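Subject: Structure handover

Hello,

Here is the structure you asked about. Please open it first, then read my notes below.

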Amino acid sequence: MATSGNLDEAVDGWFTGNTTGDRAWWWPIATRLLKYGPIPRHVAFVMDGNRRFARRNGSDSVLDGHAKGFQQLTKILEWCDNLDINEISVYAFAIDNFKRDPVEVDGLMALAEEKFHRLLQEENTLLEKGIRFRFFGEISLLPKNVRRLVAQIQLKTAHCDKKFVNVCMPYSSTDEMKRAFQFVKRGIEKELISKCDINEELISRCLDTRNSLPIDMLVRTSGEKRLSDFMLWQCADCYCHFEDVLWPDFGFWQLCKAIMSYQMRYTEIEKLKSAKVNTTVKMEESHVEKFLAWVETERRDQLQLFSTE
């Protein structure tokens, strides 16, 4: 997508975010030191501040800020890989964002289409790295072209199991929970489960994150200290880290600082998680497993339909 030219040209690809020459001398040292402590396995990012970044830099369009934000995302994906973080979730587009200026929304969808198309072009690298892309949210709300690409990417990487990237768009935690309960309601209507089967574990396994690792740390940029309807269920007992810098300015130092803060609170966080595990009811009934298998089939069939639109 064309930009106004007031900002540096954004990196086009998903795997060209950093070169060795771009790295400061202290990065390998910081990486080794951080690895002496516990590293979060799953980190969620609220990528906030792209529009403010564009305005601050005198851009003619906020879309330049979003393009710059994508460039920063490619860098952070590489940094997280180097730090042995297994799973990343990013809040790319909220359902409420559809209420923004249509010019911005259309521009964001065009940017998404361009970047997802490029990701498919880099399929060999993607599969070689073993990265599984998943898309969380109400995918049916996306434009057809974007929806088709999203489904194709998810299906093509379904067998990858080394790293996981979850792109949340268009997403809200409220909508995610609503869709989970709709599956439960349909399951009861089909007599696959009964009301007495409903518990926290069942709901968790109907969410978009049903196959994800527990979120260990959430990072939000731009100085805002709120979750904005993002991963409310999943972040009940994780460490939340808030940074004042805008998303395109979120650098390796800010990521290191977030992980150090997580490590300082690790014992307390693990106590909370242990208490939750001890009170969670595990499900072993065969009929519940059949219901969950049906949920997976329904989701996969929907992706297959979207992929051929």
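The expected span of a helix is 1.5 Å times one less than its number of residues. Keep that in mind for helix H4, which covers residues 102–121 and has 20 residues. From first C-alpha to last, H4 reaches 28 Å, close to the expected 28 Å.

First, a caution. This is a predicted model. The average pLDDT of the chain is 92, and 92% of the residues score at least 70. Residues 1–11 stay under 50. For that stretch the model has 28 contacts beyond four places in sequence.

Back to H4. What caps its N-terminal end? Aspartate 101 does: one of its side-chain oxygens lies 2.9 Å from the backbone nitrogen of valine 103.

Next, the buried residues of H4. They include Glu104, Val105, Gly107, Leu108, Leu111, Ala112 and Lys115. Further along, Phe116, Leu119 and Leu120 are buried too. An α-helix has 3.6 residues a turn, so residues three or four places apart point the same way.

Finally, the largest pocket. It holds about 870 Å³ of space. Its lining has 36 residues, and Met47, Tyr91, Ala92, Phe93 and Asn97 lie nearest the centre. H2, H3, strand S2 (87–91) and H4 each give two or more residues to that lining. H4 gives the most, with 6 residues.

Best wishes

Methods
Residues are numbered from 1 along each chain as its sequence is written. This is a predicted model: local features need pLDDT of at least 70, side-chain atom pairs count only at pLDDT 80 or more; totals for chains, interfaces and linings use all residues. Side-chain values use heavy atoms; hydrogens and water are left out. Helices (H or I, at least four residues) and strands (E, at least two) are DSSP runs, numbered from the N terminus. Buried means under 20% relative accessible area, exposed over 50%, partly exposed in between (1.4 Å probe, protein chains only). A polar contact is a pair of N or O atoms within 3.5 Å; within protein, one must be able to donate a hydrogen and the other to accept it, and residues adjacent in sequence count only if both atoms are side-chain atoms. pLDDT is the predictor's confidence in each residue, from 0 to 100. Contact means heavy atoms within 4.5 Å. On a 1 Å grid over the protein atoms alone, a cavity is a set of points where a 1.4 Å probe fits but cannot get out, and a pocket is an open set with protein on both sides within 12 Å along at least five of seven lines; lining residues have an atom within 4 Å of a point. Grid points are joined across faces, edges and corners, and a volume is the space filled by probe spheres set on the points.
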